[in-house]
Amino acid sequence: MSRIIICGGKKLYGSVNVQGSKNSTLPVMAACLLNAGISVLGNYPAIADVDGMQKILEYIGCLVNRNDDELVIDSKNAAFKPITAQMARKLR
């Protein structure tokens with residue numbers, strides 16, 4: 001692991017908000033189906049792929065609500081339905 005050495009007379013302070021990753025959010029959204037209940041995801045990215053996955057989950061019977069920085073997925077009513085190629089194409 002590399003290091004960052006800061007030379008100077010002033011201490012650093014503050015915080016940085018990092019947006020969630022698509023590559024982790026989409027698989028976690030799919031994994032919410034295994035819960036068969038309510039799952040809450042925080043810090044998700046507001047991108048088209050998440051919108052597409054939300055539409056797929058709603059198509060199979062999940063309730064998906066977006067709050068400020070939370071995605072609430074209720075999968076208790078999810079049912080097996082084949083996903084159309086058009087729906088799948090929207091996810092990159």
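Is R66 buried, partly exposed or exposed? At 31% relative accessibility, R66 counts as partly exposed (buried means under 20% relative accessible area, exposed over 50%, partly exposed in between, with a 1.4 Å probe and protein chains only).

This is a predicted model, in which local features need pLDDT of at least 70, side-chain atom pairs count only at pLDDT 80 or more, and totals for chains, interfaces and linings use all residues. Residues are numbered from 1 along each chain as its sequence is written, and side-chain values use heavy atoms, with hydrogens and water left out.

Across the whole structure, the search finds two salt bridges (a side-chain nitrogen of Lys or Arg within 4 Å of a carboxyl oxygen of Asp or Glu).

| Salt bridge | Closest N and O atoms |
|---|---|
| R66 and D51 | 2.6 Å |
| D49 and K22 | 3.4 Å |

Helices (H or I, at least four residues) and strands (E, at least two) are DSSP runs, numbered from the N terminus. D49 counts as buried at 1% relative accessibility, whereas K22, at 23%, counts as partly exposed.

The partner of R66 is D51. R66 lies in strand β2 (residues 63–66) and D51 in helix α2, 15 residues apart, and the pair links distant parts of the chain. D51 counts as partly exposed, at 31% relative accessibility.

The charged end of K81 sits over the ring of Y59, 4.9 Å from its centre (NZ of Lys or CZ of Arg within 6 Å of the ring centre and within 35 degrees of the ring normal).
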